[in-house]
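Please look at the sequence and the structure shown here, and keep both at hand while reading the report.

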Amino acid sequence: MTSSAIAVSGLRKAFGDKTVLDGIDFDVPAGTVFSLLGPNGAGKTTTVNVLTTLMKPDGGTVRVAGHDIATETKAVRAAIGVTGQFAAVDELLTGQENLQLMVDLKRLGSGEGKRVVTELLERFDLVESARKRVSTYSGGMRRKLDLAMTLVGKPQIIFLDEPTTGLDPRSRRTMWAIVRELLADGVTIFLTTQYLEEADQLADRVAVLNQGRLVAQGTPGDLKRQVPGSHVRLRFASTVELDAAARVLTGSTRDDEDLTLRVPSDGATKSLRVLLDRLDEYSIDAEEFSVHTPDLDDVFLALTGHASTEVTAR
Ligand SMILES: Nc1ncnc2c1ncn2[C@@H]1O[C@H](COP(=O)(O)OP(=O)(O)O)[C@@H](O)[C@H]1O
Ligand SMILES: [Mg+2]
């Protein structure tokens, strides 16, 4: 039995008459990565703000590290680290000075503080830029510094709000590697993201937030199983050929408007060969042939009726 690092029940939050969180429930076992997935404006940052005691909920209960966020705010704050959506580093200070500021805030002794700063600069590959002002840093370096600052004081639970939004692919991979290292150290991670691939890569469990509710929850694999399976899609030049193909490829579904046929398939080379041989046997030509394996994007579309990248109108 693992204990809950975060337990959320019936959480509600509205701004004026706009309900952002309409009763959400989830549980994050200690030492796992939980990813809250949703498009812009879904309420991810609001959730982080409530869970980290920066904002009061309108209803529901939340326990973080075993403490009630409403009555044991101090204990919650002592157990967590938060890296916000927008880097909270001081532009005018150097990387090292930013870290030192956190060390002072956390009241680490000067010997211990020095050791922690050195260790974090090394771990995040920021030694060379340590004495440069943050205003000269790239987006990826800022994010790394921000996360390094979050780690001062060794929090057991870390909240990362869209840690890789706007980062180039390389910096994104670096971030992912860091998250995996933290996990190996036993830290619990609550991560929000707009990127399905990120949740897929990192998360033990994923929850999809849409219009105030969690419309799905499970492992990335569980979610993928909720959408139609992998299939081969064939497009034909005419209805005549579509008819012929639909007759010989049993179990397929046709779309007459698109002149396409969808054939369930595991996508393995052997089954693809069998399928193509069958078409050949009946002298049927397909204009287009594609193999489709469902990913989390399909899950999002299936669950919410819109693409994950679509920005909701305000
Ligand atoms: N302090 C606030 N006052 C009023 N509305 C807010 C406030 N914070 C967020 N909102 C609104 O709540 C919704 C969810 O916002 P947010 O939690 O930032 O979404 P996300 O982080 O998923 O992009 C948005 O419609 C946003 O405009
Ligand atoms: Mg946000």
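## Basis

This is a predicted model, in which local features need pLDDT of at least 70 and side-chain atom pairs count only at pLDDT 80 or more, while totals for chains, interfaces and linings use all residues. Residues are numbered from 1 along each chain as its sequence is written, and chains are lettered from A and ligands numbered from 1 in the order in which they are written.

## Domains

The protein is divided into domain 1 (4-225) and domain 2 (231-293), with bounds that come from an automatic or database domain assignment. Taken over C-alpha atoms, the centres of domain 1 and domain 2 are 46 Å apart.

## Around ligand 1

There are 11 residues around ligand 1, of which Phe15, Ala42, Lys44, Thr45 and Thr46 come nearest; a residue is near if its C-beta atom, placed from the backbone, lies within 6 Å. Helix H1 (residues 44-51) gives the most to this shell, with 3 residues, where helices are DSSP runs of H or I with at least four residues, numbered from the N terminus.

## Helix H6

The buried residues of H6 are Arg172, Met175, Val179 and Leu182 (buried means that 20 or more other C-beta atoms, placed from the backbone, lie within 10 Å of the residue's own, exposed that 12 or fewer do). After H6 comes Gly186, whose phi is positive, near 95°.

Technical notes: Helix = DSSP H or I, 4+ residues; strand = E, 2+ residues; numbered from the N terminus.
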